[in-house]
Structure formats: C-alpha cells, structure tokens
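Open the model in your viewer and keep the selection tool at hand. The stops below say what to select next.

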Amino acid sequence: MKLVALMPCRNEDWVIGLSLRVVLKWANEAVVLLHSCTDDSKKIVSDIANENPSRVHVLENSDLVWREMEQRQQMLDYARSIGSTHIAITDADEVLTGNLLGSTAEQIKSLPSGGLMQTRMLCAWRSLTDYRSGNSVWSNRYDLALAFHDNPNIRWSAKNDGYDHHQRNPLGSRPAFQYSGLGGVIHLQFANWDRLVAKHALYKMSERVKFQSKNIESIDRLYNLALDENGLQTTKMQDEIWGPYSDLLKYIDMDKTPWQIAECERLMKEHGKGTFEGLNLFGVV
C-alpha cells in the first residue's frame, strides 16, 4: 500500500504547520495544493518538505476562484502519477486524533477496491480543548470521508448544474468501513469564532458570485448553520486525543487574522453591494 494524503490549502498558515506534520505521521506522502496563497503557507509547506525529503509534493493554482472539484481531481491525478494505491482526504484545518495514529493506516489498507473509510468528526468548539456534543448538525457525525482504496472509476467532478462545492466523497467510491470509537478527525474551523464567521461570510459571497441563479435564501440558510449555537453542549477532549501532538501545537496560531475578511472586501468592491443584497454577512463587510 502507498497511502497519499491530499490537502488543499488557501492561506492556511495559521494551522498547516500542525496539520501537514500530523498527516505525515500516518500517510506515506502528501500532495498539497496551494490555491492562490498570499500568506506564509508556501514557506511553511516548503519547510516541512525539507524535513521530510521526497514525501511532500506541492502543486500551485493561482486562480482566485475556488473550484473545489477541479482541485481535488488535480491532486488525485498527481497522486496517481507517483504510484498511490490508497488516498487520504484531509483538509488543512483537520487533524486525525492522536489515539488513532497506530491503527488508521492498517484499517485503510484493508479496504476493498473503491471502498471508502468514514470516521467521526469532532468539531473543536471555540477552543482546542472542547468539541461540540449534544444534538446538533455538528455533533455525532460518523460519516466523514477519511480515505479510500483507489481504482480508475473514482473521480471528483462538478454536478450537472455546475455546482462544485463541498463534495468530499469522490464519485465512484462506496462506504466500506465506519469508525465509531473514541476520536476521529478534529475539525478546527470552529476553534476560532472570528475565523469561522469570516469563512462563512466568504462562502456565501463566493456562491453568490459563481451561482447567481441560486436562491439567496438557500445560500443564507446553508451557511448560517455553522454559527447556530442553539442548545449548545460541549465536551472536553480526552488526553489521548491531543497527547501525541504536544510538541506540534506550537505550529498553530489561533489568533491569526482571518484572510477571508480581505477576500470578502475584494469581492464586495469587484461585484458591488447589490450582488450580495439579502445575504447576512455577519458584519464582516
């Protein structure tokens, strides 16, 4: 088995120093796609590549428009060109919990051709030490796609109507194993509230620009979900979740100014206020 992780990155210097080092603890190699990065992401990835010779492969894309399916497919094509047999799906703001370091690769190796491994998603909530629990869309999720056993029928592509956002599971794969024990993948987008707010304001604006026929209310409703704290319950993360990474936590900067703020301002200036009329942009612009 040659397990290659795919990691898209746009201005993730606040966290990729941690997440890329972690993924190299359980994957053989990683393909990082730097999408129009203007921060220190490129330097950080280069430093990690120097620490891990021949294990980090860097692709660059200067298109300001986020074309998620195209970018995921570009990384997959590259991974195949270097001999991958299995693929890990990990975004730059995600970290496998430390207690799974010793077992995850073997579970991935056992997948049948085309088989997809799913796992639990722990949403770190307003901190690195608590995750969302209780009854919410961000709790009790065990269906996060983590890896698959590749075959030629697997691909990423936009839907027939052109929609190409948030399709993590590749076409042609099928669920084959679901991990439901302690831990899983820590999703860090919720760990800093200012970053979360700016990110979802940008999601709204980006969808409005790309899909102007899409209903304004549906866009607003979709991205308001992330900020919904009705009935909020959180749980402390167990020591074994972060424990193996105690020496790597210095590579995350929770106070970094979100790049999405400037991008929202750019879109507003380029497309005009009327384009985004009806969207709640949370005061970001």
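Helices (H or I, at least four residues) and strands (E, at least two) are DSSP runs, numbered from the N terminus. This is a predicted model, where local features need pLDDT of at least 70 and side-chain atom pairs count only at pLDDT 80 or more, while totals for chains, interfaces and linings use all residues. Residues are numbered from 1 along each chain as its sequence is written, and side-chain values use heavy atoms, with hydrogens and water left out.

**Stop 1: the largest pocket**

Spaces are found on a 1 Å grid over the protein atoms alone. A pocket is an open set of points with protein on both sides within 12 Å along at least five of seven lines; a cavity is a set where a 1.4 Å probe fits but cannot get out. Lining residues have an atom within 4 Å of a point. Grid points are joined across faces, edges and corners, and a volume is the space filled by probe spheres set on the points.

Select Trp 66, Glu 68, His 166, Lys 199 and Tyr 203. Of the 47 lining residues, these lie nearest the centre of the largest pocket. The pocket holds about 1300 Å³ of space. Elements that give two or more residues to its lining include β1 (3-9), α3 (68-81) and β8 (141-149). Which element gives the most to this lining? Helix α5 does, with seven residues.

Colour the lining by class. There are 20 nonpolar, twelve polar and 15 charged residues. Here Ala, Val, Leu, Ile, Met, Phe, Trp, Tyr, Cys and Pro count as nonpolar, Asp, Glu, Lys and Arg as charged, and the others, Gly among them, as polar.

**Stop 2: helix α5**

Select residues 193-210, which make up α5. Is this helix mostly buried or exposed? Of its 18 residues, 15 are buried (under 20% relative accessible area; exposed is over 50%, partly exposed in between, with a 1.4 Å probe and protein chains only). Now go to the start of α5. A side-chain oxygen of Asn 192 comes within 3.1 Å of the backbone nitrogen of Asp 194.

**Stop 3: two cavities**

The count comes to two cavities of 30 Å³ or more. Select its lining, which includes Asn 11, Trp 14, Arg 195 and Lys 199. Its classes are two nonpolar, three polar and four charged residues.

The second largest cavity has about 30 Å³. Trp 26, Ile 89 and Arg 168 are among its lining residues. Strand β5 (residues 94-96) gives the largest share, three residues. This lining has six nonpolar, one polar and two charged residues.

**Stop 4: salt bridges**

A salt bridge is a side-chain nitrogen of Lys or Arg within 4 Å of a carboxyl oxygen of Asp or Glu. The whole structure has 20 of them.

Select Lys 256 and Asp 13. Their side chains meet at 3.3 Å, N to O. The two sit 243 residues apart, Lys 256 in the loop between α7 and α8, Asp 13 in the loop between β1 and α1. Lys 256 is partly exposed at 31%, whereas Asp 13 is buried at 12%.

Next, select Arg 126 and Glu 229. Their closest N and O atoms are 2.9 Å apart. This pair also links distant parts of the chain, 103 residues apart.

Finish with Glu 68, Arg 72, Asp 91, Glu 94 and Arg 168. A network of salt bridges links them.

Key. Polar contact = N/O pair within 3.5 Å; in protein donor to acceptor, adjacent residues only side chain to side chain.
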